Amino acid sequence: MKIIRVPATSANLGSGFDVLGLALRSAPSASQRFGNFLELQIKDLGQGSLSSAPWNCEIICHGEGSELLSSLVHENLVTQVALYVLRCHGKEAFPSATTVTLITAIPLSRGLGSSAAAIVAGVMLGNEAGDLGLSKERMFDYCLMVERHPDNIAPALFGGFIGAFMDIARIEIPLSEVLPKLSGDTDTSLLPIHKPPLSIGCYHHYRLNSDIKAIIVVPTFHSNTAEARSQLPYSYTREDVIFNLQRCALLPVLLGEKPLRAAKISEAMRDRLHQPYRTNLVPGLGEVLLELRYDKYPGLLGTCLSGAGPSVMALATQNFETIAQAIIMILSEAQDVHYDWQVLELDPDGATCNDTNQDFCHVEESESRLVG
Ligand SMILES: Nc1ncnc2c1ncn2[C@@H]1O[C@H](COP(=O)(O)OP(=O)(O)OP(=O)(O)O)[C@@H](O)[C@H]1O
Ligand SMILES: N[C@@H](CCO)C(=O)O
């Protein structure tokens with residue numbers, strides 16, 4: 001059996017909209033078996049076929065939000081992406097009967113990269129099922145054909161603290177043609193094939209000071225990334241663009257320094273391109289960004305929206321619970337919902353795929369939760 005694991009990610013870090021991202025995981029502990037991963041347990045049943053499964057594949061979903069995921073292979077994002085990768089290599093279905101057990105510990109639509117993790121896992125699943133031998137660099141191209149911004153995909157795939165750009169102009173194909181709506185009996189051999197161009201994206205690993213942890217405050221409500229992106233203006237003033245360019249250029253270096261300069265980091269995390277337009281989606285966000293100051297909370301470096309939200313992230317070196325509770329207090333005043341929080345650390349590895357002779361790992365629903 002093969003196990004694919006993809007970490008949660010937090011994109012943007014304030015000024016680095018669509019550029020910067022962190023791969024994150026729980027601090028290793030015996031009790032945290034699944035950490036903050038999307039995990040696929042893949043059982044290749046050999047040359048036989050799953051006569052009851054139209055794509056020669058079955059998928060079973062467990063864990064955080066799995067009740068919201070389709071168990072139809074042509075509708076679940078993970079297996080849809082895998083079928084896309086297989087189609088690009090002349091295979092209309094899984095080559096041999098395959099059972100995928102999907103266990104997710106990344107809350108959906110909360111700004112922790114659940115969709116990017118699903119896309120990365122899907123590309124890796126297609127690569128394994130089709131025995132395609134794709135490098136991670138080539139898998140990056142396939143992922144970008146689907147996600148179309150690199151700041152969750154790159155850290156989810158490669159791990160660590162990453163900056164990335166992509167040449168979106170080289171992807172003329174609408175996503176609806178890359179991942180067409182399929183039904184159980186669609187004859188995919190009639191569909192056009194849209195292999196990604198080579199080297200669409202470029203990424204770089206930055207050093208993150210090892211004292212830095214990510215405090216993630218996760219509300220119970222969802223915020224769909226597509227909707228959060230639709231809130232953004234199509235054009236910006238030169239002043240606002242320069243404001244972010246200046247800060248985004250310095251932030252990665254400041255986060256790798258020793259000793260850390262909280263005043264500079266806090267200023268370098270400020271943003272004018274996305275957070276101001278998303279405060280309506282995340283009540284209290286504006287107040288958190290204004291009031292959580294590094295000089296009021298020892299250990300605090302800066303706060304930002306995690307990805308497209310609604311989770312809020314604070315980068316800090318100590319005093320985690322005090323900072324988390326201060327964020328929750330402000331957010332709760334704006335919208336009285338339940339908030340979970342957890343301290344996560346950098347995941348240096350990104351997506352992994354390993355063989356195991358273990359049988360399926362049956363997960364206790366409570367074990368697979370991301371936040372405590
Ligand atoms: N494990 C999964 N398996 C299948 N589909 C998934 C999985 N995780 C997420 N998805 C799909 O991705 C959607 C959530 O994507 P969305 O971009 O809105 O949020 P996010 O990726 O969690 O947040 P952000 O992009 O801001 O980090 C879900 O509604 C579901 O369709
Ligand atoms: N840069 C993306 C990240 C989504 O996780 C956005 O903010 O829309």
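This is a predicted model: local features need pLDDT of at least 70, side-chain atom pairs count only at pLDDT 80 or more; totals for chains, interfaces and linings use all residues.
Visitor: How do you know that the span of α3 is close to the expected one?

Guide: Helix α3 covers residues 136–147, twelve in number, and its first and last C-alpha atoms lie 16 Å apart. The expected span is 1.5 Å times one less than the number of residues, which for α3 is given as 16 Å, so the helix is close to expectation.

Visitor: What makes α3 mostly covered?

Guide: Ten of its twelve residues are buried, a word that requires under 20% relative accessible area. Among them are R138, F140, D141, L144 and E147. The buried residues of α3 pack against α1, α2, α4, β6, α5 and β7.

Visitor: Which residues lie closest to the centre of the largest pocket, and what is its volume?

Guide: The largest pocket has a volume of about 1,000 Å³. Of its 47 lining residues, L77, S115, I119, E147 and N224 are the closest to its centre. Elements that give two or more residues to this lining include α1, α3 and α6, while α2 gives the most, with five residues. By class, the lining has 21 nonpolar, 17 polar and nine charged residues.

Visitor: Why is the contact between K2 and D355 called a salt bridge?

Guide: The closest N and O atoms of K2 and D355 are 3.0 Å apart; the cut-off is 4 Å, so the pair qualifies as a salt bridge. K2 lies in strand β1 and D355 in strand β12, 353 residues apart.

Visitor: What makes the salt bridge of R25 and E345 a link between separate parts of the chain?

Guide: The two side chains meet at 3.2 Å, N to O. R25 belongs to strand β2 and E345 to strand β11, so the pair ties together parts that are 320 residues apart in sequence. E345 has a relative accessible area of 15%, under the 20% limit, and is therefore buried.

Visitor: How do you know that D211 and K258 form a salt bridge?

Guide: Their closest N and O atoms are 3.7 Å apart, within the 4 Å limit, so the pair is counted. D211 lies in the loop between β7 and β8, and K258 in the loop between α7 and α8.

Notes:
Residues are numbered from 1 along each chain as its sequence is written. Chains are lettered from A and ligands numbered from 1 in the order in which they are written. Side-chain values use heavy atoms; hydrogens and water are left out. Helices (H or I, at least four residues) and strands (E, at least two) are DSSP runs, numbered from the N terminus. Buried means under 20% relative accessible area, exposed over 50%, partly exposed in between (1.4 Å probe, protein chains only). Contact means heavy atoms within 4.5 Å. On a 1 Å grid over the protein atoms alone, a cavity is a set of points where a 1.4 Å probe fits but cannot get out, and a pocket is an open set with protein on both sides within 12 Å along at least five of seven lines; lining residues have an atom within 4 Å of a point. Grid points are joined across faces, edges and corners, and a volume is the space filled by probe spheres set on the points. Ala, Val, Leu, Ile, Met, Phe, Trp, Tyr, Cys and Pro count as nonpolar, Asp, Glu, Lys and Arg as charged, and the others, Gly among them, as polar.
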